[in-house]
Amino acid sequence: MNTLRARSIMASFCKVPISSLPLPPSSHIVTHNLTPDPVTPSTAEFFSDVLPNKPSIQRRARLLSKEAHFSYVNPMPLEFPYEITPPDPPAVIEDKAGYIEQWLSEREARHPSSVSGQIQPSLNKYTSKLRDRKRELIGLSETCLRDCLPHLDVGDSFEVLGKPALVPLIEEEVASASSPKAEAIRQELVDVLSGHTVLMAPESSSGPSFAPWSTRYSGHQFGVWAGQLGDGRAISIHVTPHPENAETTYELQLKGAGRTPFSRTADGLAVLRSSIREYLCSEAMHALSIPTTRSLSLVYLPDLPVIRERTETACIFTRVAETFIRIGNFEALSPPSNSFFLGGGQQDADYEALRQLGEWIARRVLKLEGIDWEAGDAWGKELLFDVARRNARMVAAWQAYGFMHGVMNTDNISVLGLTIDYGPYAFMDVFDSYHICNHSDGEGRYAYKYQPNMIVYACRALLDALSPLIGAEAARGNKAVQPGWASSATSETLVSWRTVGKDLSKTEMEQILEETCSIEYGNLMRKRLGLRRQEKTDQREIVQPLLDMMEAQQLDFHGTFRRLAFFHTGMVKEDNSEKMEAFIKGILSGTPDRDRMDHGKVTGEWLAWLDKYSARIESERHGGEWAGEADFDSARQHAAKSANPRFVLRQWVLEEVIKKVEGDPDSGKRIMAKVMQMACNPFEPWGAEGDDIPSDDLPAEIREERRLCGLGDKRFWASNAVAQVRVGQRIFIINQQSPTSSWVQ
């Protein structure tokens, strides 16, 4: 969907500033249905006591009480360790702890601020008196606004961001004069999405109370139990219903807005590089129909230094989803027993908190069908199976589109089956089924080939957490557990429930994962090949031989599929041998080793495969799958082109965008906006695709589009993030430097 269409859809809704986005009813707000941290027990106490008197409890790394699901936390992006200045004029500080609390409190956003426009706000605005850093909006996603927040008024934001362009405009844009109202609405948006201003309703007689929060979760990291983790730099700042469906609510979450109780030794901040990577990729994934969290905005904080391998600058990224709850949230409440781990600690199990979270997710988030809640039907197994199905579909799409996540720890696996927490991700370039995109993954645990296995591992961790509850439901005659269900259970009973829960669920869960992933992957690969009829032999006779050729010949994964979209069966006829030769030559151009390739051998391999592929295509020509299409060949080509991206968000493109924005944010944000436009419309013929005009003869903007659709710098795709030596079924790993290390947070 193009930019004009997106804007026309958004224009059809009554728009309001961010402070006036409506809250859903209490029944739809996670903090009204789960248990808060006892030291931030309510929005009223958080505002009246924590913020003015003991704000450090938000920033201090600590284990929450075992019953707590979340803690109220205000955004406060500051350098850490905090540079607490002495009194001026100098004075003896008798109460040093009190002085620190006062210093922090003065920087908390707790002072009332005026709202923009005449619309009654749903939330009050609060700002800090002593924290006012420069903040620049450098990215705003039209597709996220269109899909999730079409009623959000962004004022003159897009006018300020300027026209998306890869090359400098020949004529400078004439800035249209903005109204004071539009400027105020945009500034309010930037203030809120930068953590400068906080939206709260500490006490409300007209609606639900509200304050920002971060959630507690634990998890397995690289297969090792890590204990409490939690939102170390993510703070949810709003939740609002979609204007067309009040049952669908969207949570707005800032990433990089300062420390929380889960930050451990980190600063809670995010650098510009990692923020740009997640901002672009979330929307690119959505455009490929891969389930994902969404990107709303990037706000650059040029005056806030962040210490990583070098000193960088901060950026706050806003992401949007119906929920950010992960498998790790369940693990935190029902951790594995007798696990050795290196981490900050782990609370004992709290089975009542497990029940509360499970009921909320099953009923409100997943909206499980077929459960009679009023009759007290059991829901534990169905929750597990639904999460398994969703994640099986997600990872099938990853495999079909060559996406590698890089850090599939259980705390990074969404219960909604959304791609979440974009770190060292990559899209496949030259096809290598063992490709590892994360230079920290020395054992290749999360290599492309093993991603489906890692989803199985994550779902087993969810089963382990839910198994006592599932077993208890079975003991109750398949009825839901009630409040206090495990309070008097002996350790022997809990072990028995856990065993029964696993025995009842494990085999079926794994069957669901395998079947769902296989079916979804097969459907997607057929779609990429322009086929509609399901054939059991397709994977064995068409898909796998194609992938094997691509791997052996070191061909560009996406480039090969895009070229195959232009194949038609008439090419295999004898009188079209020149066309066939040219077609195969084009496919083979997507390899780094053309000169060392045995062209006679690989051409023969392609001729044999294309002959089979042609017969498979022809088998659908007169079938019902394409009934109603006037021209079978044109319809099939259009369908294939609509499933195979012309533009892919490759590593070299990301590196180039990051470098441009870091060097000059004002011009860089236009380049980033154009790349976002291309990523959101990946199937368009960018760069005059199919036109034989030499690149040098194209207009500069189109020439740049064509360049960005290519393989780019060889150093970004010719090798893994780690070197690999394969001997039989074993992979030996040698760590090495990799350009993909730019993901560092």
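Q: In which hand does H13 pass H14?
A: A crossing is left-handed if the near helix is turned anticlockwise from the far one by less than a right angle, right-handed if clockwise. H13 passes H14 in a left-handed crossing. This is a predicted model, where local features need pLDDT of at least 70, side-chain atom pairs count only at pLDDT 80 or more, and totals for chains, interfaces and linings use all residues. Numbering runs from 1 along each chain as its sequence is written, and side-chain values use heavy atoms, leaving out hydrogens and water.

Q: At what angle do the axes of H13 and H14 cross?
A: Roughly 65°, and the axes come within 11 Å. H13 spans residues 491-528 and H14 spans residues 538-552. That makes H13 roughly perpendicular to H14 (65 to 115 degrees).

Q: Which residues of H13 meet H14?
A: Contact means heavy atoms within 4.5 Å. From H13 come Tyr521, Met525 and Arg526. They meet Asp538, Gln539, Val543 and Leu547 of H14. By class, this contact has 4 nonpolar, 1 polar and 2 charged residues.

Q: Is Ser71 buried or exposed?
A: Buried means under 20% relative accessible area, exposed over 50%, partly exposed in between (1.4 Å probe, protein chains only). Ser71 has 0%, so Ser71 is buried. Ser71 lies in strand S1, residues 70-72. Leaving aside neighbours within four places in sequence, Ser71 is in contact with residues including Asp37, Arg62, Trp213 and Pro261.

Q: How far apart are Arg393 and Glu520 in space?
A: They are 6.0 Å apart, C-alpha to C-alpha, yet 127 residues apart in sequence. Arg393 sits in helix H11, residues 380-400. With a relative accessible area of 35%, Arg393 is partly exposed. Beyond neighbours within four places in sequence, Arg393 is in contact with Thr516 and Glu520.

Q: Which residues of H21 are buried?
A: In H21, residues 700-708, these are Glu701, Glu704, Glu705, Arg706 and Leu708. The buried residues of H21 pack against helix H19 (651-663) and helix H20 (665-680).

Q: How many aromatic pairs are there?
A: Rings of Phe, Tyr and Trp (its six-membered ring) pair if their centres lie within 6.5 Å. The count comes to 23 aromatic pairs. One of them is Phe80 with Tyr82, edge-to-face (planes over 60 degrees apart), at 5.2 Å centre to centre and 85° between the planes. Phe80 is partly exposed at 31%, whereas Tyr82 is buried at 17%. Trp626 and Phe632 also pair edge-to-face, at 5.6 Å and 85°. Both Trp626 and Phe632 are buried.

Q: Which residues form one aromatic cluster?
A: Trp398, Phe403, Tyr422, Tyr425 and Phe427.

Notes
Axes fitted to C-alpha atoms, helices over the stretch in contact; angles between N-to-C directions. Helix = DSSP H or I, 4+ residues; strand = E, 2+ residues; numbered from the N terminus. Parallel < 35°, antiparallel > 145°, perpendicular 65-115°, else oblique. Nonpolar A, V, L, I, M, F, W, Y, C, P; charged D, E, K, R; others polar. Phe/Tyr/Trp six-rings, centres within 6.5 Å; stacked < 30°, edge-to-face > 60°.
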